Amino acid sequence: MNATTQNELHHLSNTHLDALEEETIFILREVAAAFERPTLLFSGGKDSLVMLKCAEKAFGAGRIPYPLLMIDTGHNFKEVTDFRDSRAKELGAELIVRSVEDSMKKGTVRLAHPGESRNVHQSVTLLEAIEEFRFDALIGGARRDEEKARAKERIFSHRDSFGQWQPKAQRPELWTLFNHKLQPDEHFRVFPISNWTELDVWQYIARENIALPSIYYTHKREVVDRRGLLVPVTELTPPKEGEEVVIRDVRFRTVGDITCTCPVESTAATPEQIVIETLAADVSERGATRMDDKTSEASMEKRKKDGYF
């Protein structure tokens with residue numbers, strides 16, 4: 001790290017992280033107290049790992065009172081799923097994995113063509129898991145700064161009996177008082193790190209020395225430039241005719257399905273260096289890395305209404 005970077009970090013306060021952590025721990029405990037069958041969505045990504053760290057502080061290692069749930073598209077980065085499994089085992093937490101491929105076998109998910117992204121179809125598999133385990137609260141790591149539709153949502157976000165989100169029928173949350181009342185077959189999606197930003201997350205990762213999958217840090221990867229995004233070259237995302245494959249130093253700001261998640265150019269190898277990069281970023285992480293959010297301005301909101309997280 002050069003002298004400029006060290007100087008910037010020296011003047012960057014992280015005292016607000018204590019308040020954010022306290023709020024997250026309060027919400028995690030509130031869910032444990034208010035619901036009968038909650039679960040924590042755990043992908044192995046940075047946001048869910050921050051949330052898991054707060055859960056450790058809330059309840060103690062090996063004592064998290066709800067299972068971890070992962071909806072796997074079958075097209076996730078192996079570095080992330082391997083890390084997910086090892087972290088759950090390390091914590092002694094119950095890990096439930098349900099796959100979009102299983103929904104495809106049952107016929108509840110049908111792809112328009114073999115190369116279609118499975119990301120949007122996670123909604124079906126998620127709703128099937130909710131019905132299977134009768135979950136009444138699902139805790140997730142979504143943040144308000146990620147995307148416009150997520151900025152509209154409450155911390156305790158009500159879902160009707162069809163798993164749908166109604167933006168105009170949200171409940172008020174005054175003075176951190178949450179309305180937990182549910183009708184049969186309804187549930188809540190709960191977002192304990194709603195008030196965190198991408199910068200907060202990376203500052204917290206640096207402060208708490210939280211281990212992450214390796215692809216969050218700089219590495220060399222074959223990519224093609226497509227509509228302003230660096231698309232990773234894989235079996236699932238091969239280059240199109242006329243595209244030039246180049247090797248770049250990249251990292252992932254967010255991780256998800258391989259078919260719609262792109263890295264950004266970066267040489268940042270530590271959380272501290274990523275903090276500096278994040279300070280200079282003028283595009284949100286989803287805007288800079290997610291192909292599925294580029295289809296329309298309302299694409300995320302439509303998916304959320306259909307049951308997406």
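Colleague: How many salt bridges does the structure hold?

Modeller: There are 23 salt bridges in this predicted model.

Colleague: Which residues are linked in a network?

Modeller: A network of salt bridges links Asp18, Glu21, Lys57, Arg207 and Glu208.

Colleague: What does Glu277 pair with?

Modeller: The side chain of Glu277 forms a salt bridge with that of Arg251, at 3.0 Å from N to O. Glu277 belongs to helix H9 and Arg251 to strand S9 (residues 246-251), so this pair ties together parts that are 26 residues apart in sequence.

Colleague: And Arg251, is that buried or exposed?

Modeller: Arg251 is buried, because its relative accessible area is 2% and the cut-off for buried is under 20%. Glu277 is partly exposed, at 28%.

Colleague: Where do Glu90 and Arg87 sit?

Modeller: Both are in helix H4 (residues 78-91), 3 residues apart, and therefore separated by about one helical turn. Glu90 is exposed at 61% relative accessible area, whereas Arg87 is buried at 15%.

Colleague: What about Arg143, which residue does it meet?

Modeller: Arg143 meets Asp145 in a salt bridge, with 2.9 Å from N to O. Arg143 is buried, with 1% relative accessible area, while Asp145 is partly exposed at 32%.

Colleague: Turning to the helices, how do H8 and H9 lie, roughly parallel or roughly antiparallel?

Modeller: The axes of helix H8 (residues 198-208) and helix H9 (residues 271-280) come within 9 Å and cross at roughly 165°. Angles over 145 degrees count as roughly antiparallel, and H8 and H9 are therefore roughly antiparallel to each other. Their crossing is left-handed.

Colleague: At what angle do H3 and H8 pack?

Modeller: Helix H3 (residues 46-59) packs against H8 at about 55°, with the axes 10 Å apart. That makes H3 oblique to H8. The crossing of H3 and H8 is left-handed.

Colleague: Finally, what is the phi of Arg134?

Modeller: The phi of Arg134 is near 55°, a positive value in a residue other than glycine. Most residues other than glycine have a negative phi. Arg134 is in the loop between helix H6 (122-133) and strand S4 (137-139), and is exposed at 54%.

Conventions. Residues numbered from 1 in each chain as written. Predicted model: local features only at pLDDT ≥ 70, side-chain atom pairs only at ≥ 80, totals over all residues. Heavy atoms only, no water. Helix = DSSP H or I, 4+ residues; strand = E, 2+ residues; numbered from the N terminus. Buried < 20%, exposed > 50% of the residue type's maximum accessible area, 1.4 Å probe, protein only. Axes fitted to C-alpha atoms, helices over the stretch in contact; angles between N-to-C directions. Parallel < 35°, antiparallel > 145°, perpendicular 65-115°, else oblique. Left-handed = near helix turned anticlockwise from the far one by under 90°. Salt bridge = Lys/Arg side-chain N within 4 Å of Asp/Glu carboxyl O.
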